[in-house]
Amino acid sequence: MKRVDVAYVVKWFGGFLVIAIAVFAAMIFIAFEMINMNLLLLIVAISFALAIVIIPAVMGNIMKKSAIALEKEFPSQGFIYQQKYVSNNAVFYIDIDGRLGVVWKYNPTQFFLVDVSKITDIRTNNGKQLRGTSLVSCQFKLDGRKFKIYTLRVSNGQLAMTDEKVIKAISKADRLGEVLEIAKQNAAKKIGM
């Protein structure tokens with residue numbers, strides 16, 4: 001299972017790097033002409049900050065669109081999923097018969113079937129802090145790497161643990177964990193047969 005297609009990542013970040021170097025060189029020339037180094041530093045800082053935000057967001061959108069396109073081929077591959085979850089770095093498709101399909105953010109053109117029996121440490125993380133939470137997720141390990149599928153993300157502040165949105169998010173994360181456990185047990189039964 002190849003989570004990262006190096007050529008794909010280099011295309012995105014390498015292309016940005018070439019553009020950034022060209023802009024940086026042009027800005028150095030302009031800054032020396034204008035003798036305003038603060039303007040140069042501001043432009044460079046803004047450019048890199050935008051790249052850190054924009055490139056991953058664009059890659060995430062590409063992953064989602066690619067996953068939708070790949071879904072059309074699932075029936076011909078004999079894969080019928082019951083649940084779909086979009087995470088930061090992947091789209092997970094769960095078949096409770098014991099299969100897990102994944103489309104990775106940094107390799108969005110391929111669909112991978114994962115051996116569900118390799119999933120460990122399935123649990124709900126309610127993200128509780130002092131007053132409440134801003135993140136709720138179902139997390140698990142696959143091939144030793146931790147993955148989180150968020151069921152709640154609050155960008156500004158926190159919600160109380162008794163808030164209806166938090167309770168629903170925890171319930172959804174619990175259900176996801178249960179589905180993963182069922183899929184894992186079903187996969188183990190098939191291996192044992």
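**Surface patch, sheet and salt bridges**

Leu42 comes out as partly exposed, at a relative accessible area of 48%. In this predicted model, Leu42 sits in helix α2, which covers residues 37-71. Together with Ile46, Leu50, Ile52, Val53 and Ile54, Leu42 makes a nonpolar surface patch of about 580 Å².

Further along there is an open sheet of 3 strands, ordered β5-β6-β7 and paired antiparallel. The edges are taken by β5 (119-125) and β7 (145-153); each has a single partner strand, so one side of each goes without a neighbour in the sheet. On average, neighbouring strands here are turned by 15° against each other, direction ignored. Strand β6 (residues 135-142) runs antiparallel to β7 and is joined to it by 8 bridges. Across this pairing, Lys141 stands opposite Lys146 in β7.

As for charged contacts, searching the whole structure turns up 3 salt bridges. One of them brings together the side chains of Lys84 and Glu71, at 2.7 Å from N to O. This pair ties distant parts of the chain together, with Lys84 in strand β1 (residues 83-86) and Glu71 in helix α2, 13 residues apart. Lys84 is partly exposed at 34% relative accessibility, while Glu71 is buried at 17%.

Asp95 and Arg99 form another salt bridge, with their closest N and O atoms 3.1 Å apart.

Terms used:
Residues are numbered from 1 along each chain as its sequence is written. This is a predicted model: local features need pLDDT of at least 70, side-chain atom pairs count only at pLDDT 80 or more; totals for chains, interfaces and linings use all residues. Side-chain values use heavy atoms; hydrogens and water are left out. Patches are made of residues with over 30% relative accessible area and no salt bridge: like charges are joined within 9 Å, nonpolar side chains (Val, Leu, Ile, Met, Phe, Trp, Tyr) within 5 Å. Accessible areas come from the Shrake-Rupley method with a 1.4 Å probe; for residues, only the protein chains shown count as cover. A salt bridge is a side-chain nitrogen of Lys or Arg within 4 Å of a carboxyl oxygen of Asp or Glu. Helices (H or I, at least four residues) and strands (E, at least two) are DSSP runs, numbered from the N terminus. Buried means under 20% relative accessible area, exposed over 50%, partly exposed in between (1.4 Å probe, protein chains only). Two strands pair if DSSP finds at least two bridges between them. Axes are lines fitted to C-alpha atoms, for helices over the stretch in contact, and angles run from 0 to 180 degrees between N-to-C directions.
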